[in-house]
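This report is written for a reader who meets this structure for the first time. Please look at the sequence and the model below, and then follow the sections in order.

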Amino acid sequence: MKLILLGAPGAGKGTQAKFLCEKFGIPQISTGDMLRAQVKAGTALGLEAKKHMDAGGLVPDAVIIGMVKDRLDEKDCQNGYLFDGFPRTIPQAQAMKDAGVPIDCVLEIDVPDSDIVERMAGRRAHLTSGRTYHVKFNPPKVAGKDDVTGEDLVQRDDDKEETVKKRLEVYHAQTKPLVDFYSKWAAAGDAKAPKVRKVAGVGSVDQITQSVFAALK
């Protein structure tokens with residue numbers, strides 16, 4: 001099973017990715033992990049990527065695609081793989097298509113923006129222990145205090161409502177069009193085009209997981 005998982009930040013991709021990787025016995029491929037591994041190993045691609053990162057720029061798509069192809073040659077990718085957070089843009093998707101990276105299915109986990117804002121803006125964290133709460137879905141025993149230590153809980157910058165809304169704007173502008181890209185490719189009747197499936201990412205984790213597995217049958 002060769003998958004691309006799409007969904008806005010906070011849509012629950014990470015949770016479903018874990019279940020999918022377990023079910024199909026495939027690795028989850030994140031470009032961040034790949035970049036770090038190649039930079040650490042000092043490969044030619046890693047050094048090229050580091051040059052751009054050190055300069056504060058984005059790593060060019062050609063370098064990322066080179067790393068993706070290297071990664072897919074590894075033994076654990078024999079049964080397939082799951083891309084999470086990549087491709088993010090149409091040029092990246094086009095570069096993957098041009099490079100002949102095989103994909104069976106593009107799965108979108110669809111959650112309304114209002115739900116995502118509520119999910120993320122309600123998170124509170126106890127930074128020392130990593131324990132997390134939610135003001136509505138998983139509240140601490142005492143508002144604003146960690147259950148174990150009684151210390152203050154904080155809202156991470158990433159979870160602040162204005163930040164979440166900005167991240168959603170970027171997602172809709174850059175990544176959401178990928179669904180159209182893959183849908184058009186499939187509609188053109190190309191045998192290499194992946195199937196495109198959409199699952200509602202609201203409800204219990206079990207319900208969403210069942211919908212995800214059903215969509216891939």
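## Helix α9 and what covers it

The buried residues of α9 are covered by elements that include α1 (13–24), β4 (105–110) and β7 (195–200), where helices (H or I, at least four residues) and strands (E, at least two) are DSSP runs numbered from the N terminus. Within α9, which spans residues 205–215, the buried positions are Ile208, Thr209, Val212 and Ala215; buried means under 20% relative accessible area, exposed over 50%, and partly exposed in between, with a 1.4 Å probe and protein chains only. These residues lie on the same side of α9, because they cover an arc of only 125° around the axis, the arc being that of the directions from the helix axis to the C-beta atoms. On the face turned away from this buried side, α9 carries the exposed residues Asp206 and Gln210.

## Basis of the model

The model is a predicted one, in which local features need pLDDT of at least 70 and side-chain atom pairs count only at pLDDT 80 or more, while totals for chains, interfaces and linings use all residues. Residues are numbered from 1 along each chain as its sequence is written, and side-chain values use heavy atoms, with hydrogens and water left out.

## Overall form

The protein has nine helices and seven strands. Its radius of gyration, taken over C-alpha atoms, is 19 Å, close to the 17 Å that the globule rule gives for 217 residues, so the protein is as compact as a globular protein of that length; the rule is 2.2 Å times the number of residues to the power 0.38. Along the principal axes, the C-alpha atoms fill a box of roughly 55 × 40 × 35 Å.

Of the 217 residues, 39% are buried. Among the contacts with a separation of 6 or more, 66% are between residues 24 or more positions apart, a contact being heavy atoms within 4.5 Å.

Strand β5 (residues 123–126) pairs with strand β6 (residues 131–134) in the antiparallel sense, over four bridges; two strands count as paired if DSSP finds at least two bridges between them. Ala125 stands opposite Thr132 in β6. Four residues lie between the strands of this hairpin, in which Gly130 takes a positive phi near 85°.

His126 also has its place in strand β5, and this residue counts as buried because its relative accessible area is 3%. Its side chain makes a polar contact of 3.3 Å with the side chain of Thr149, where such a contact is a pair of N or O atoms within 3.5 Å; within protein, one atom must be able to donate a hydrogen and the other to accept it, and residues adjacent in sequence count only if both atoms are side-chain atoms. Leaving out residues up to four places away in sequence, His126 touches Arg131, Asp146, Thr149, Glu151, Asp152 and Leu153.

## Cysteines

A disulfide is a covalent bond between the sulfur atoms of two cysteines. Taken here as a pair of cysteine sulfur atoms within 2.5 Å, disulfides come to a count of zero. Cys77 is in none, the nearest cysteine sulfur, that of Cys21, being 10 Å away, and Cys77 is buried at 5% relative accessibility. The sulfur of Cys105 is too far for a bond, because the closest cysteine sulfur, in Cys21, is 14 Å away; Cys105 is buried too, at 2% relative accessibility.
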